[in-house]
Amino acid sequence: MWAPSHFLTALTALGAISATAAPVHAADHVIASPDGRTRISLSDQGGQANFTLQFKGQTLITPSPLGLVLDKGGALSSGMKITGATQRSADETYELVVGKTRTVRDRYNETTVEFLETGGLQRRLKIIARAYDDGVAFRYVLPDQADLAGVAVVGEETRFDFAGDDRCWALNLGRFGTSHEGEYDPVMARGFRASALYELPVVCQTAKGATFALAEADLRNWAGLYLTGRGDGGLGLQAQLAPRLDDPNKAVLTRIGTDTVSSWRVVMVGEAPGDLVASNLMTSLNPPTALTDTSWIKPGKAAWDWWNGGKVAGAEGMTDAAMKGFIDFAAANRLEYMLIDDGWYVGSGQAPKVLPGTDVTRPIPAINIADLIAYGRERGVGIMLWVHWKALDAQMDEALAAYEAWGIKGIKVDFMDRNDQQMVDFYHRLLTKAGEHRLMVDLHGAYRPTGLVRPYPHYVTQEGVLGAEYNKWSRRITATHNVTLPFTRMLLGPMDYTPGGFRNVAPKDFKSQFILPTVQTTRGQALAMYVVYDSPLTMVSDSPLTYAASPAGLDFISAVPTSWDETRVLSGEIGQYIIIARRKGADWWVGAMTNEAGRTVRVPLSFLGNGAFSAEIREDGAEPTALKTRTQSVKAGQTLSLKLAPSGGGVVRLTPAL
């Protein structure tokens, strides 16, 4: 299954990769994107390693320090000079097995700049910078050198000094060791505080018509990146690395005899927020998959017992009868999977605790896994299983082999709640072994994505998002939050928000409840989430009892794809509304969502191909649970109108006319 080299069949070269190795001794190295709009400059001005960023002639990031802080010799940042540089360009295409698009053009210009410390130990540092049409990225390479053998990285000198008091959206987690769940609140750049600990991405809009987002890609053998306000009170943000659990004074332990390479520091750029949503920069900054066979990776939707309290007709809870009820519901509605959550194995059921004697390979007496797998197979429904990460880690080889032998399709791994170097290593170890055992993976209690869906296409979704589960115990899942997520957290990759709540009520009537929870958004918004939110594995979260009592729109959920050939953001404003069109085959699917303000939105159909299309339109009705449905014939160049209720949404399916 595993090949020693990259998965070349997923790549189609559009142009040669070129490189020149001649040293360059200029004080500044400017790397421009292929279209010339984006420019990152590396410099040693004043002996300080730094970078600047421009987009369409507008400076977004003013000269900002770069460098690493080491436990031997201190910071490797100032007192530096450039001694050489190497340029490289690439223009390729690759295919994603699952995701928001099928084919991606990977086109960039790259320069590796070599820095030398002018005094002291004369240590060496390399910085690799890339310029894409939709952003820039840079990473550190600490070359293997005698004076740095066994060195540890304590932190970074990396800073992002803003050119203006930009309007931003940021999630202040406040501390390390969280589930990476919260609201991305509006904040002006002057409001960033050094005492805060901001999650990625931080998204900003300038006064001159540019949008940018700070992110991280290809995180491996490194510590997760956070941002804090600048200590000097200036506009911008400072890098902060997650500390190791075994030594909080260190972030990254290096390997003797090898170069140490950081993850990419990423700045996504565009004219409008929607440009960032459509970007594939995060996956392009990751290596191709080593899997030679990906035919077993099947995106789809899953019935799920936990969110609704495990209630089906005639049964509930962790029993065979209840699980078969969910399987029957999945089969009747053409859902590919049924996810059995916490409680099925010995020692489970009290998450996040891991009890003594826990065994993730032994089902409890009330659950006959072999029988449920066979029952699902007869009905075309695959079974997925929840497992606590600590319990799985203790039995990983045995458990993954058992799950493969049983015929399990995938696992949901929960409660990691960290992104220090040790946890990052766990991700890669788990995903590598899960691929060997042909198991798809959904990570919960997870740090935000870093583009790993490219090297690990069986990594089909993850949490790290304030999602629908919070309806069970809070009022935090508002329409404003829901239409902020596509422009913030979703920029980084798929998110297991767990949509499908059909107990829709107006915000004034909402009351949190743990069993059979309600949602304070409309049925139209519930449907739109299946188009707007990126998640190749998507939950259909409510109870079969709820869907039976109020089925309006369930047929749409049954039909909508979860992995796409093409994605286009038609319009939107952060925290206000969004309209996305996604294509699967010849059909287009449109999802529109609004905040607490109702509005009528226009959907331009310029993306359609030749000929007539049948448009099946579903809009909000008079009540939160109601839908209005209409059908009309349309062509490219026309415009549809969707009337969205407060906290509402709408969807359109466009099918070529016969």
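1. How many bridges join strand S6 to strand S12, and which way do the two strands run? Three of them hold S6 (residues 68-70) to S12 (residues 152-156), and the pair runs antiparallel. If you want a spot to look at, find Leu68: the bridge partner of Leu68 in S12 is Glu156. Keep in mind that this is a predicted model.

2. That pair belongs to an open sheet of four strands, ordered S7-S6-S12-S20, with antiparallel pairing. Strands S7 (74-76) and S20 (252-253) are at the edges with a single partner strand each, so one side of each has no neighbour in the sheet.

3. There is also an open sheet of seven strands, and here the pairing is parallel. Reading across, the order is S32-S31-S30-S29-S26-S23-S33. The edges are S32 (459-462) and S33 (537-540), each pairing on one side only. On average, neighbouring strands of this sheet are turned by 25° against each other, direction ignored.

4. Met384 stands opposite Gly410 of S30. Helix H3 (residues 320-332) packs on the sheet, where it touches S23 (300-304), S26 (337-340), S29 and S33. The direction of H3 makes about 155° with that of S26.

5. Now for helix H6. Which of its residues are buried? They are Met396, Ala399, Leu400, Ala402 and Tyr403. Looking down the axis of H6, you find these buried residues within an arc of 160°, so they line one face of the helix. The face turned away from that buried side carries the exposed residues Asp397 and Ala405.

6. What do the buried residues of H6 pack against? The partners are strands S28 (359-363), S29 (382-388) and S30 (410-414), plus helices H5 (389-394) and H7. Just after H6 comes Gly407, which takes a positive phi of about 100°.

7. H6 (residues 396-406) and H7 (residues 421-436) pack at an angle of about 35°, and their axes are 10 Å apart. Their crossing is right-handed. From H6, the contact uses Met396, Asp397, Leu400 and Glu404; from H7, it uses Phe426, Arg429, Leu430, Lys433, Ala434 and Glu436. By type, the contact residues divide into five nonpolar and five charged, with no polar ones. Note that Met396 and Leu400 turn up both in this contact and among the buried residues of H6.

Notes. Residues numbered from 1 in each chain as written. Predicted model: local features only at pLDDT ≥ 70, side-chain atom pairs only at ≥ 80, totals over all residues. Heavy atoms only, no water. Axes fitted to C-alpha atoms, helices over the stretch in contact; angles between N-to-C directions. Left-handed = near helix turned anticlockwise from the far one by under 90°. Contact = heavy atoms within 4.5 Å. Nonpolar A, V, L, I, M, F, W, Y, C, P; charged D, E, K, R; others polar. Pairing = 2+ DSSP bridges. Buried < 20%, exposed > 50% of the residue type's maximum accessible area, 1.4 Å probe, protein only. Arc of directions from axis to C-beta.
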